[in-house]
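Hello,

Here is the structure I said I would pass on. My notes on the protein–DNA contacts follow below it.

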Protein chains: 2
Amino acid sequence: MFESSTIKDIARALNLSTSTVSRALRDSYEISAGTKKLVMDYAQQVNYRPNPNALSLKERRSKSIGIVVSEVANHYFSQAINGIESIANSRGYTVIITQTHESVERERTNVQHLASRSVDGLLISLSAETNDVSHLEQLHERGLPIVFFDRVPERINTYKVIADNAQGAYEATNHLIQSGFKKIAHISSSGHLSISIERLTGYTQALHENGLSINPEHIKNCPHGGMIQDEVETAVKELLSLQDKPDAIFVAGDRLTMGCMHVLKKLNMLNPTMIAIAGFSNSDVLDLFNPPITSVFQPAFDMGQLATEKLLELIEAKFPVTEFDREILHTRLYIR
Amino acid sequence: MFESSTIKDIARALNLSTSTVSRALRDSYEISAGTKKLVMDYAQQVNYRPNPNALSLKERRSKSIGIVVSEVANHYFSQAINGIESIANSRGYTVIITQTHESVERERTNVQHLASRSVDGLLISLSAETNDVSHLEQLHERGLPIVFFDRVPERINTYKVIADNAQGAYEATNHLIQSGFKKIAHISSSGHLSISIERLTGYTQALHENGLSINPEHIKNCPHGGMIQDEVETAVKELLSLQDKPDAIFVAGDRLTMGCMHVLKKLNMLNPTMIAIAGFSNSDVLDLFNPPITSVFQPAFDMGQLATEKLLELIEAKFPVTEFDREILHTRLYIR
DNA sequence: AATGTTTTCGGCAACGTTTGCGTAAATTAA
DNA sequence: TTAATTTACGCAAACGTTGCCGAAAACATT
């Protein structure tokens, strides 16, 4: 159907051998200037492009990397993807993006699929459901380069790129406290996720340092990170029906923040006099809200770039890398 | 580095020929039941996965399709991508997503790259800058299956999947009129885009039918579809400084709508008593705004699905397809 | 003129897979 | 028992590319 010319075609047309054509195109020293020009001109003319599948087969690498995120509609991830692409493309790599929609099942199939597609490496942020990472451990042990970002597992020893979630959460919670709120609740994604744990740490630290006690009832988890709106709605409603009703909520995620606001809107309580909100979000629409929402902004683009650089380092390493670090990037509080 | 077992390995281990193994795995009738079981069990055991590159090389197809959109951060596109993935994955295809960020230059390189990556087909929504589609025409003439969606070119004869932009624009404009606004401006993306033309048609029709005259000064274009915020800011400010100052704006795009609101917010005019807004958008955060924004919702997911079905129809066609249609899906006005 | 060196190119194998063809062995038919 | 047929498998080529090895031609050295 869609045929493009091959090195063989060129060889036939020019009455040369395929090896000569191959070398001429790669500007090898053992080909005369005349032949080189002949070949290159002709290749240009017929718009020759090397077949990447043949290359991959031969070189045993595909020059592609797989990305696994929750969903591209999340501004944090879309910005991270932009960062990933900027590095990957400039280094000649194609990226294949897959979405888990926070389902561990889809994470497994995506990872399986990417691996069997023979990507050279994987860039992953775990799904909210993911507790058991054995599917990734296997691949990692078999030598597939993997770099985790944002939501990282404890167990697997490789590069990890994360934001300073504790610090970000601390600042956001502290901001709410400084703004005069005293009873601050916390809604977070799945409790076992690294980001949830770290953000919870920041939250509790802020309360502590301000001499506020922590009410366990004020801490809610949504196991599907906001993908299931019912979970968010239940969490918010439970908070609101508490005897010790909170006057503010620190929400630990982009999608969760939106979900939370939808619930409050529905309850006609989207108003800081009713209940205030601060969240983790990379969306710039937050300041269009009335009232605008203070949020912790993560350097998503930079994180994507850094993670990709680390991954390419692994992929292109001459010798197996055994020493890995954990890069922690600073967040920034947008006070609105 | 990351080696997986091949048919050869299995053959060697089982003392069989590669052809026997291959046939056994494909459950060929010319292999005895015993051998089949032997092979399949062993393949299972070593977690054999066929090498996709070898397959692609042999079958001359990659079982992958390329997607070209402006940016995944746009809710219309992210939803369309979900639709595309749902069909593509269920049919065994991998999707490679690329973003133009509304630049025709990036569109060219992306398309080039995808073509040389030997995708089996392309799913494209043109960038705002794209006027000349010769880079796509070339590939299309050489036989690469292409389906356009959302922003489609006039010239290239293939399947096209679009929303009823004129109708959507008509309804949104009409809604503003029915809400009592009399002087309705229009901010749109690049003027040559199909969506811009169609939405302009709906806008003018609504004004006409309501006996309102059309002021050319009320119609503004942003050649980069909102990617360059300065363009949006200039457009809005020009509208506001007009003698015949509009009392409402119909904004023809997701990103443009957000951009527009940011400008108004900055000018402290984000208020329907100052100026009202209705837009094209698939984002669900619009009703979190105060005041909420009425918007035209496109069936993005369905459009993605339909476009993919059409593309796979082209890819898997036995004979060249010459008859193409233009699928038009209905929009829905969310009155907020 | 004979030998040694370059220069320039072709042949072949290999990457992992499928498939048409060939063919021993096993089975059936005569 | 012999011939015809079926069963079950192996061989080799092909997809597009590169790299090793070999070799003809051109040139340089005695």
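Of the atoms of DNA strand D within 4 Å of the protein, sugar or phosphate supplies 61%, and the rest belong to bases. Please keep in mind that this is a predicted model.

DNA strand D has 29 residues around it, and A:Ile7, A:Ser22, A:Tyr48, B:Thr20 and B:Thr35 come nearest. B:Arg23 has a side-chain N or O atom 2.8 Å from a base oxygen of DNA strand D. For B:Glu30, a polar side-chain atom is 3.1 Å from a base nitrogen, and for A:Lys58 the distance to a base oxygen is 3.4 Å. At least two residues of the surface near DNA strand D come from each of α1 (7-14), α2 and α4 of chain A, and from each of α2 and α4 of chain B. By class, that surface has 11 polar, 10 charged and eight nonpolar residues.

Phosphate oxygens of DNA strand C lie 2.7 Å from a polar side-chain atom of B:Lys8, 2.7 Å from one of B:Tyr48 and 2.9 Å from one of A:Ser17. The elements giving two or more residues to this surface include α2 (18-25) of chain A and α1 (7-14) of chain B. The most comes from α4(B), with four residues. The surface near DNA strand C counts 10 charged, 10 polar and eight nonpolar residues.

Regards

Terms used: Residues are numbered from 1 along each chain as its sequence is written. Chains are lettered from A and ligands numbered from 1 in the order in which they are written. This is a predicted model: local features need pLDDT of at least 70, side-chain atom pairs count only at pLDDT 80 or more; totals for chains, interfaces and linings use all residues. Side-chain values use heavy atoms; hydrogens and water are left out. A polar contact is a pair of N or O atoms within 3.5 Å; within protein, one must be able to donate a hydrogen and the other to accept it, and residues adjacent in sequence count only if both atoms are side-chain atoms. Ala, Val, Leu, Ile, Met, Phe, Trp, Tyr, Cys and Pro count as nonpolar, Asp, Glu, Lys and Arg as charged, and the others, Gly among them, as polar. A residue is near a molecule or strand if one of its heavy atoms lies within 4 Å of it.
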